[in-house]
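Dear colleague,

Please find the structure below, followed by a summary of what was found in it.

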Amino acid sequence: MPNITEAEWPIMVVLWDKGTATSAEIIETVTRDHDVTKLTLKSLINRLVRKAMIAYTIDRHDARIYYYRPLIARDEATRIKNESLLNTVYGKNALSLLTRFVEDCDLSAEDIARLQAILAKKQAGARGGPGDDGGPEDGDTIG
C-alpha cells in the first residue's frame with residue numbers, strides 16, 4: 001500500500017475529521033495552519049486520488065463540485081506510517097524507537113502510568129520474559 005507523504009497528511013486529517021469535504025473546504029482548512037498554495041493542494045488531492053487513498057463523488061447539481069472522502073482509515077494509515085518510520089529510521093528496532101520517543105517527549109504521570117500498563121500487558125503475553133526459561137509451560141506439548 002502506498003505511503004501518505006508529509007505534504008499529503010494534512011489533507012487526510014481534514015477528511016478523517018470531516019468524513020467528506022469539497023476541495024474548497026480542504027484548501028480553506030489546510031491553509032489555516034500550513035503555508036501551501038491552492039494549486040499545490042489541488043495537485044496533492046489528485047495524487048491521493050491516484051494512489052487510491054481518497055475518492056470523490058461529483059455534486060449532482062453542480063458538476064464543478066467534488067466531494068472527497070478517505071478510503072483508508074486513520075488507524076491504518078498511522079500503522080503504515082509508524083511501520084515505515086520503524087523500518088527506515090530505526091532499522092526495525094522497536095526498542096530504539098520507543099526509547100527515543102520516551103526520552104524526547106514530555107510525559108505526564110498519567111502518560112507514564114498508561115505506558116507502564118501497556119508494557120505490563122505486553123510482557124504478560126510475551127515469551128522469553130522474566131521467569132520464562134523458554135521451555136514448555138504446563139499443558140504445552142513437545143513434538
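**Second largest pocket**

Helices α2 and α3 and strand β3 each supply at least two residues of the lining of the second largest pocket. Helices (H or I, at least four residues) and strands (E, at least two) are DSSP runs, numbered from the N terminus. Please note that this is a predicted model, in which local features need pLDDT of at least 70 and side-chain atom pairs count only at pLDDT 80 or more, while totals for chains, interfaces and linings use all residues. Residues are numbered from 1 along each chain as its sequence is written, and side-chain values use heavy atoms, with hydrogens and water left out.

The volume of the second largest pocket is about 210 Å³. A pocket is defined on a 1 Å grid over the protein atoms alone, as an open set of points where a 1.4 Å probe fits, with protein on both sides within 12 Å along at least five of seven lines; lining residues have an atom within 4 Å of a point. Grid points are joined across faces, edges and corners, and a volume is the space filled by probe spheres set on the points.

Helix α3 gives the most to this lining, with 4 residues. Among the lining residues are Thr22, Ile27, Lys38, Lys42, Arg64 and Tyr68. By class, the lining has 6 nonpolar, 3 polar and 3 charged residues; here Ala, Val, Leu, Ile, Met, Phe, Trp, Tyr, Cys and Pro count as nonpolar, Asp, Glu, Lys and Arg as charged, and the others, Gly among them, as polar.

Thr22 lies in strand β1. With a relative accessible area of 13%, Thr22 counts as buried (buried means under 20% relative accessible area, exposed over 50%, and partly exposed in between, with a 1.4 Å probe and protein chains only). Not counting residues up to four places away in sequence, Thr22 touches Ile65, Tyr66, Tyr67 and Tyr68; contact means heavy atoms within 4.5 Å.

**Largest pocket**

The largest pocket has a volume of about 500 Å³. It is lined by 15 residues, of which Leu98, Val102, Leu115, Ile118 and Leu119 are the closest to its centre. The elements that give two or more residues to this lining are α5 (94–104) and α6 (109–125), and α6 gives the most, with 8 residues. By class, the lining of the largest pocket has 10 nonpolar, 2 polar and 3 charged residues.

**Nonpolar core**

In soluble globular proteins, nonpolar side chains tend to be buried together. The largest nonpolar core in this model has 20 residues, and those with the most contacts inside it are Ile4, Ile11, Met12, Leu15, Ile26, Ile54 and Ile72. Such a core is a set of buried Ala, Val, Leu, Ile, Met, Phe, Trp, Tyr and Cys residues joined through side-chain atoms within 4.5 Å.

In α1, the buried residues are Pro10, Ile11, Met12, Val14, Leu15 and Trp16. They pack against β1, α2, α3, β2, β3 and α4. In helix α2 (residues 23–33), Ile26, Ile27, Thr29 and Val30 are buried, and the buried residues of α2 pack against α1 (9–18), β1 (21–22), α3 (38–50) and β3 (66–70). Leaving aside neighbours within four places in sequence, Ile26 is in contact with Ile11, Val14, Leu15, Ala21, Ile45 and Tyr68.

**Backbone and loops**

Most residues other than glycine have a negative phi. Ala52, which is not a glycine, has a positive phi of about 60°. Ala52 is found in the loop between α3 and β2 (54–58), and counts as partly exposed at 48% relative accessibility. Lys92, also not a glycine, has a positive phi of about 65°. Lys92 is placed in the loop between α4 and α5 and counts as exposed at 64% relative accessibility. Just after α1, Gly19 takes a positive phi of about 90°.

**Confidence**

The chain averages a pLDDT of 88, and 87% of the residues score at least 70; pLDDT is the predictor's confidence in each residue, from 0 to 100. Over residues 133–143 pLDDT stays under 50, and the model has 5 contacts beyond four places in sequence for them. Where pLDDT is low, the predicted coordinates should not be read in detail.

With kind regards
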